[in-house]
Amino acid sequence: MSRYYEFYCPVKVISGDAALEHLPYELTSIASTRPMIVTDQGVRAAGLLDPVITACEESNLVIAAIYDEVPADSSTTVVRDIANLYRQQECDALIAVGGGSSIDTAKAVNILVSEGGDDVAAYSGAGVLSRPLKPFFVIPTTAGTGSEVTSVAVIADRERSVKLPFTSSFLLPNAAIIDPRMTRTLPLHITAATAMDALTHATEAYTCLGKNPLSDAYATAAVKKISGALLKVMDNPDDGQGRLDLAEASTMAGIAFSNSMVGLVHALGHATGALCHLPHGLCMSIYLPFVLEYNLEQIREPLSDLLLYLEGPQVWATTPASRRPEATISAIRHLRDELHHRCELPRTLRETNKVTEDQLDQIAHKALDDGAIMFNPREASFKDVEAILKKAWG
Amino acid sequence: MLRKLSRSAALTARRRYVQTMFQVMGHALDAISRTDKKVLDEARLLPVGFVFEMTVLPAGPSLVVEHVGEGRLRYLGSSPPANVDLSIRFKHIAHAFLVLSFQEKTAEAFANDRMLVDGDIGLAVRMTRILNRLEAIILPRLVASRAVKEYPADLGLFEKVPGAINIYRRVATGMIRDLTKEVSPT
């Protein structure tokens with residue numbers, strides 16, 4: 001039977017030098033005159049809001065409101081507060097400036113200000129929204145999550161101690177603005193972890209069950225950009241082109257995985273993040289080679305292809321075809337070693353000093369119930385997951 | 001005209017097949033949850049009173065089961081009660097037929113966007129594992145390998161055959177009971 005797939009990405013990508021200066025035009029072209037910025041204290045303190053505000057002011061566009069207190073793990077209360085501010089200030093568009101938390105928060109705020117009410121939990125789940133929301137723009141300040149092109153958001157409901165997922169294509173922004181100025185000051189260990197997050201998005205998109213020709217194109221392009229730029233940026237953080245390559249790779253990997261889903265690396269990462277509060281990108285970096293080894297026999301062909309994008313045509317051509325999948329895993333391990341050398345990015349759970357060995361069982365149980373495991377090419381049992389965790393422990 | 005009639009008959013047959021397979025699966029889930037330790041272990045962690053529905057948009061057919069506690073699943077028939085906790089909905093009868101005729105694995109159907117999940121994703125993953133275990137036990141290995149992502153390496157004939165016989169016996173009894181109810185409604 002021929003393969004079936006779906007692919008959807010209506011987000012306009014505005015990328016490159018002076019990309020931020022396109023924002024006023026984008027806003028005025030949809031008749032927005034009172035946009036609101038949603039961001040966090042870190043972005044504010046790093047001065048990353050200044051070029052956004054200046055770009056708008058120079059075009060006589062006033063930012064009607066700024067909310068800059070989005071926490072790392074946002075909640076329904078924060079969403080309600082921001083929605084109230086939006087209504088009080090009679091705003092007409094949202095601009096998220098930040099990483100995954102600010103972007104997810106702004107997506108949830110957009111639900112409330114578009115649909116009405118104070119309880120965003122009422123819109124939790126898949127396909128609950130049935131009409132377009134208010135104009136929404138995203139300016140990422142990290143290069144890893146790909147949230148600017150994904151149709152999901154996760155917000156904590158502290159009263160009920162649950163994480164609420166929201167899934168709808170209406171959550172997608174009108175445009176994602178990728179400007180190298182926004183990631184230039186990103187600390188090196190975050191640059192490394194978020195790039196490994198993007199590399200994992202691309203690798204899982206390319207090797208898991210939902211892979212398709214269009215997501216493959218985005219995934220391989222993302223892998224190529226990351227392998228070409230990451231170590232250059234680690235050695236020279238002011239490398240503007242390298243920063244832009246990483247940011248674009250993150251967006252491309254986001255487009256890839258939101259159309260093909262991810263697998264066991266993410267299932268393990270979600271479980272570890274929830275139980276041990278380890279940053280998501282770091283979890284991805286730790287688990288990626290171990291899961292690829294576990295899936296190896298089912299993914300030899302796509303893994304062989306990835307060697308070309310990771311190591312270039314010369315290495316690919318000189319590596320015997322039968323050894324290319326293993327060489328791909330070795331290349332990823334080598335990249336992790338280089339990152340460890342440059343910024344001490346942990347390669348094992350033990351090296352994080354935040355996970356204890358007696359938590360591995362809990363992580364395994366939680367990972368087995370994670371939705372991402374469904375798309376993994378192998379049917380991972382508890383024993384399988386336990387064995388991977390033991391290897392990743394170090 | 002003849003072509004139109006035969007096409008219509010084929011579509012009716014496909015709908016009946018899906019309907020019957022849902023009925024078989026419903027009774028089989030009820031049966032396997034009485035005896036299979038792996039299914040019991042998985043189902044035991046579902047909330048008591050948890051209602052699971054597998055259906056085809058826009059208006060069925062469906063299968064509905066309830067977790068009545070201690071890992072036991074009870075087949076409720078094809079009509080869901082007012083509150084369903086987890087619903088897996090095929091977008092079209094053709095997609096349900098692909099999965100239920102073992103032309104497409106359940107995991108592939110998810111990856112191919114054939115189905116929508118309404119409810120807790122973690123519980124959907126758990127229910128999928130239960131369905132996979134059921135298929136591995138009741139189907140011949142060759143067919144089961146087409147239905148599940150990976151045929152369980154530890155499932156030997158000594159476990160599979162008695163398990164399958166027991167399930168088919170209970171399914172047959174259940175189906176006869178359903179038929180009797182249909183013929184002589186009380």
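In the predicted model described here, Pro58(B) is found in the loop that runs between strand E1 (51–56) and strand E2 (62–69) of chain B, where helices (H or I, at least four residues) and strands (E, at least two) are DSSP runs numbered from the N terminus. The peptide bond between Leu57(B) and Pro58(B) is cis, with omega at about 5°. For comparison, most residues other than glycine have a negative phi, and most peptide bonds are trans.

Because the model is predicted, local features need pLDDT of at least 70 and side-chain atom pairs count only at pLDDT 80 or more, whereas totals for chains, interfaces and linings use all residues. Residues are numbered from 1 along each chain as its sequence is written, chains are lettered from A and ligands numbered from 1 in the order in which they are written, and side-chain values use heavy atoms, with hydrogens and water left out.

Chain A contains 16 helices and 9 strands. Its radius of gyration is 21 Å, close to the 21 Å given by the globule rule for 394 residues, so chain A is as compact as a globular protein of that length; the radius is taken over C-alpha atoms, and the rule is 2.2 Å times the number of residues to the power 0.38. The C-alpha trace of chain A spans about 60 × 50 × 45 Å along its principal axes.

Chain A is divided into domain 1 (12–181) and domain 2 (188–393), with bounds that come from an automatic or database domain assignment. The centres of the two domains, taken over C-alpha atoms, are separated by 27 Å, and the contact between them (heavy atoms within 4.5 Å) takes 13 residues from domain 1 and 17 residues from domain 2. About 1100 Å² is buried between the two domains of chain A, of which carbon and sulfur atoms give 66%; buried area here is the accessible area (1.4 Å probe) that two parts lose on being put together, summed over both. On the domain 1 side, Ala143(A), Gly144(A) and Val149(A) lose the most area to domain 2, together 39% of what that side buries. Across this interface the rule finds 0 salt bridges, a salt bridge being a side-chain nitrogen of Lys or Arg within 4 Å of a carboxyl oxygen of Asp or Glu.

Chain B has 7 helices and 5 strands, which follow the pattern α-α-β-β-β-β-α-α-β-α-α-α along the sequence. A compact globule of 186 residues would have a radius of gyration near 16 Å, and the 16 Å of chain B agrees with this. Along its principal axes, the C-alpha trace of chain B spans about 55 × 40 × 35 Å. Within this chain, Arg14(B) is found in helix H1 (residues 2–35) and, leaving aside neighbours within four places in sequence, is in contact with His92(B), Ile93(B), Ala94(B) and Phe97(B). Asp154(B), in the loop between helix H6 (141–147) and helix H7 (157–183) of chain B, touches Lys38(B) and Glu159(B), not counting residues up to four places away in sequence. The side chains of Asp154(B) and Lys38(B) make a polar contact at 2.7 Å, a term that denotes a pair of N or O atoms within 3.5 Å; within protein, one must be able to donate a hydrogen and the other to accept it, and residues adjacent in sequence count only if both atoms are side-chain atoms.

Between the chains, 18 residues of chain A are in contact with 20 residues of chain B, and about 1700 Å² is buried, 53% of it on carbon and sulfur atoms.
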